[in-house]
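Thank you all for coming; I would like to walk you through one structure this morning, chain by chain, and then look at how the chains meet. Please have a look at it first.

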Amino acid sequence: MNGNATTASPSLFERGMLMLREKGDLELYANVFVIGWAVIFTLWQGVGFAVTLGTVFCIWAILSVSLNLVVGYTGLLSVGHIGFFGIGAYGMAILTSDTSYELLRTESIPQFGLPFFAALPICVLAAGVAAVVVGVVFNRFRDDIYVLVSFGFAIIAFNVFLSWRALTRGAYGIPDVQRPQIGSWVADGEIEFLALCVVFLLIVVGISWFLVSSSFGRVLKAIREDEQVAQVFGYQTTYYKLAIWVISAMMAGLAGGLLGSFTTFVDPNSFILLESMLLVSIVILGGLASIRGSLLGALAFVLLEEGMRFITYLPSEFIGQVRQVVLGVMLVLLMLFRPQGLAGRYKL
Amino acid sequence: MTSRNVAHDEYYGIQTIGVTKAFDGVKALDDVTFTIPIFGMTSIVGPNGSGKSTLVNLLTGVLPFDEGIVKIETNSFSVIHAHETPDHGITRTFQEVRLFDQMTVWDNMMVVLTNRKLFPSMIERSKSEHRDKAEEILKQVGMWEKRESMAGELSYGQRKLLEIGRAMALDVQVYILDEPFAGLFPQMLERVKDLLRDIRSNGRTVVFISHNMDIVRELSDHIIVLESGKFLLAGEVEDILNRPEVIRAYLGA
Amino acid sequence: MTDARSYISNRGNVLAIVLVTLVVAYIGWKITESPDQALQFAFNGMSVGAVYALVALGFTIVYSTVWFFDMYYGAAAALGAYGVFYLRSSETLGGLYEVNNPVVNGVFSLIVVGVAFWALHTALYYRLRTRFSDRALRIGFGVSALIAGAYVDVVLTRPEELHVTLIPAVLAVTATVVFLAGRYAYANLISSREPMVFNVILVVIGVALGAFSAFLIADSPGSKLYLSWAVSCFLAGTVSLALYRGLYVFMRERARSPLVMLVATLGILLAFSALIVIVFEPTPRPLPEPFGGSAHEIAGANIKTLNLFTIGVAVAGFLGLLWLLKKTTFGRTVRAIGDDEEVAKVVGINTTVIIATVFFIGAVFAALGGLLSGHDTAIQPRMGLLLLLKGWIASVVGGIGNLQGAILGGFLLGMLEQFGIWDLAGEWRDVVSFVVLILFLSFWPAGILPRK
């Protein structure tokens with residue numbers, strides 16, 4: 001052995017570091033790994049399970065794509081996105097509720113009895129209106145103060161869900177949320193619902209892709225990089241930030257509406273602050289300023305939870321916690337070695 | 001309002017009247033009144049801390065001013081919004097180069113060119129006229145080969161050139177350049193000088209801040225001297241630079 | 001006069017004045033309506049505010065040194081509270097539920113080993129290098145660190161004998177404190193060069209006092225609760241120090257912006273809060289009543305001894321930190337690092353040691369806040385995040401990066417929260433505090449006492 005050979009070839013550690021920094025490789029591996037995992041999962045657990053999983057994935061994917069518009073493209077690190085998700089879900093639950101289960105109620109809530117497809121646009125709009133109000137207030141904040149006030153929005157939203165009992169039944173939650181229905185056809189089966197979710201996911205991804213590849217998207221990136229310079233070049237940045245915030249919130253509201261209808265039960269515990277933090281971490285994990293990254297992150301997130309159910313010695317009540325630990329550790333590692341996330345194009 | 005400068009009233013450009021700006025009670029600009037002529041090249045000179053950059057920031061709305069009026073063309077403003085500067089016919093560069101670091105050189109140029117209206121910009125893809133303009137400017141500043149690389153990965157000189165190019169892409173009357181020559185090696189210096197001459201030869205106004213008196217002598221037609229936040233003098237270059245008070249302000253004697 | 005006029009001519013300021021007037025009028029109306037109840041609310045506000053102030057103080061000292069938000073603080077607060085629960089679970093649960101866990105003890109011991117090794121190395125390496133070989137030093141430090149870790153393991157595995165196992169620690173801490181205080185007093189009051197005899201006398205007095213207090217503690221099993229406070233604060237601080245030295249140092253070298261640190265520490269908070277749920281289960285738990293659960297009645301309003309103690313701790317902590325920052329060499333270095341870390345490094349300050357110490361102190365404050373609020377209400381895994389947010393809000397309201405602002409903001413936030421929920425239900429507390437935050441950020445973005 002001569003000394004030159006050992007110094008010339010990088011050590012395993014160095015090669016690993018190199019691989020982590022070079023974008024393409026790791027992104028590819030991550031894609032192959034996660035998607036391969038999904039395929040194996042389907043083969044192993046059967047199609048029925050995969051359909052449920054796919055629906056959950058679609059909902060989380062809509063959420064994380066929508067959040068990526070704000071965090072990755074516009075550079076506003078919002079931890080309060082779960083609030084809009086909750087507004088969507090509660091909107092769906094309240095609007096589609098009818099009189100058939102009145103006896104179950106401990107407190108009466110207004111009954112609208114709207115069909116799913118009438119309620120969904122209203123959910124989206126409600127999230128949008130809430131986003132206008134919140135966005136006008138939040139627009140002046142930046143960086144870590146933005147994080148703090150967005151925490152505030154998540155907490156305020158959660159408290160409203162929990163404490164405005166006349167509308168949300170508080171901690172009891174709202175059961176029997178309607179499934180989509182067109183005429184006599186009810187999307188009661190899981191596979192129909194999955195198809196619906198996929199359609200919505202495609203729409204959301206399409207809109208997001210269209211927006212970020214337009215001039216508008218370029219301005220958003222400019223705002224992320226240096227808001228003041230973007231202003232000096234003639235852009236009224238507050239409007240741009242507000243616009244993308246509202247669009248993103250409406251997508252989250254859509255995801256919320258789908259979730260409410262999918263689980264047919266809505267209660268405040270699905271919209272706690274922690275979920276919001278997990279959402280942010282999957283967006284960062286998948287990759288900032290990359291729609292593909294968000295899809296990847298959401299898929300990894302969903303598979304992580306379900307995959308852990310099959311680790312036999314792990315008690316089932318700890319799965320959520322272990323997933324949280326894994327996500328937390330991954331966040332730390334990503335911030336150390338790959339601040340743009342797996343497939344991202346923007347370093348925090 | 002003392003020391004009103006009347007020598008340049010025949011010019012019709014940017015005029016500041018009694019502009020004052022204080023940071024935590026310390027006056028960075030105190031009752032500054034002068035006129036930037038509309039034609040030719042004007043340099044703003046003054047020792048460090050004399051408020052040159054603050055002045056540029058006030059004119060482009062990056063900082064609000066406390067008192068005074070800025071007249072641009074025939075309009076008077078007591079408040080300037082940053083996003084209105086192109087409408088006022090002004091664009092600028094920054095003292096410490098401020099590019100959109102995590103965007104490509106190409107996108108850095110395109111941002112300046114595309115539609116300023118919110119909803120039309122959402123459906124606008126890149127237009128051929130914008131692409132042509134960006135290509136022209138990038139070739140002019142010699143960054144065409146670098147168009148796919150991230151702006152944050154460029155060298156200092158390239159960043160400086162790109163920033164000037166980004167300002168040039170905007171079709172306005174007044175180009176305010178904050179220290180365009182700082183920290184450049186001679187070859188680059190010539191290049192930036194040529195760019196400035198190009199802009200002027202199109203009948204535009206160039207206003208620049210510089211500490212390099214040779215360049216100021218060589219390029220500028222007019223000169224504005226600030227000293228510790230106060231307007232000192234304005235006029236023709238040769239005339240001003242030989243004045244004893246200017247020399248005193250510079251040598252601190 | 002012109003200043004006042006221009007102040008009023010600003011529309012935002014008018015809104016702010018109207019707002020303050022409304023709030024004051026509302027509170028005034030409430031006070032005149034039922035003074036007794038108002039006093040009770042004020043007491044509650046003070047007690048809650050003291051906890052917020054404690055968290056905000058720890059937060060502020062760290063933030064004003066390194067200028068990023070360390071979200072681990074939430075976990076530190078929860079660790080403080082759960083540490084007490086861990087050590088005193090037999091009193092609260094009556095031994096029905098076995099909490100003590102060898103894995104947890106082992107992990108903490110390992111962390112202590114690492115920190116002890118690092119501390120010994122930084123403190124002694126350059127002094128002893130000339131006398132001993134590197135290898136001997138490393139072995140010596142390693143063995144001492146292992147002994148420290150083993151000691152912590154022993155303490156953690158025998159929570160029922162805390163008053164016995166902690167005797168050496170009490171002796172050592174008391175002796176050190178007496179020694180240092182004596183030297184400080186001598187140097188400041190008499191002469192800057194103390195004679196050797198004086199040092200010897202101090203050591204003797206210190207050891208004697210230490211032994212005395214150790215015997216006092218060993219004699220009273222009731223002290224176990226208060227000793228567990230010290231242990232859990234120490235552990236939360238040690239974890240914070242270990243995180244800084246083992247992780248943040250490397251991360252800050254690469255980080256492009258404070259947001260990177262914020263996200264990374266968010267990950268740490270996520271991991272820690274999940275681990276707390278795994279070890280302790282998500283259900284809320286009570287902590288034993290300190291001070292025998294006694295309460296005082298003042299002018300028709302009740303206040304628990306614990307709450308008075310909390311307020312006292314907050315004020316004392318504030319004064320202590322103020323003294324530390326303004327009067328000591330350590331404080332001057334901390335402020336120098338806060339002003340410009342690079343320059344501080346260049347002039348020869350070992351910034352890593354100083355910042356690590358600051359992280360330790362900050363986490364101790366957070367843990368104190370957490371455990372005192374845990375005694376007041378109950379503990380639950382998500383309390384950490386909430387306390388962190390409240391401390392963060394308090395420091396923003398008071399003026400970020402400013403100790404006076406932190407304590408003022410803490411108490412003010414507590415009071416506003418309590419008076420805000422008077423007519424609402426108690427569950428709107430968090431909403432009230434975030435509304436306060438947003439109003440403050442809108443009208444006084446720099447807080448009440450802006451940092452100079």
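This is a predicted model: local features need pLDDT of at least 70, side-chain atom pairs count only at pLDDT 80 or more; totals for chains, interfaces and linings use all residues.

**Three chains and their contacts**

Let me begin with chain B, which has nine helices and ten strands, these being DSSP runs numbered from the N terminus, with helices (H or I) of at least four residues and strands (E) of at least two. Residues are numbered from 1 along each chain as its sequence is written, and chains are lettered from A and ligands numbered from 1 in the order in which they are written.

Of the 253 residues of chain B, 46% count as buried, meaning that 20 or more other C-beta atoms, placed from the backbone, lie within 10 Å of the residue's own.

Turning to the pairs of chains, the most contacts among the two pairs that touch are between chains A and C, a contact being two residues whose C-beta atoms, placed from the backbone, lie within 7 Å. Here 34 residues of chain C are in contact with 34 residues of chain A, and α11(C) gives the most to that side of chain C, with 15 residues. Chain B and chain C, by contrast, are joined by no contact, and their closest C-alpha atoms lie 10 Å apart.

Finally, in chain A, eleven of the eleven residues of helix α10 (residues 215–225) are buried, so this helix is largely enclosed by the rest of the structure. The buried residues of α10(A) pack against elements of chain A, including α4 (47–73), and also against α2 (105–113) and α3 (118–123) of chain B.

Terms used. A residue is buried if 20 or more other C-beta atoms lie within 10 Å of its own, exposed if 12 or fewer, and partly exposed in between; C-beta atoms are placed from the backbone.
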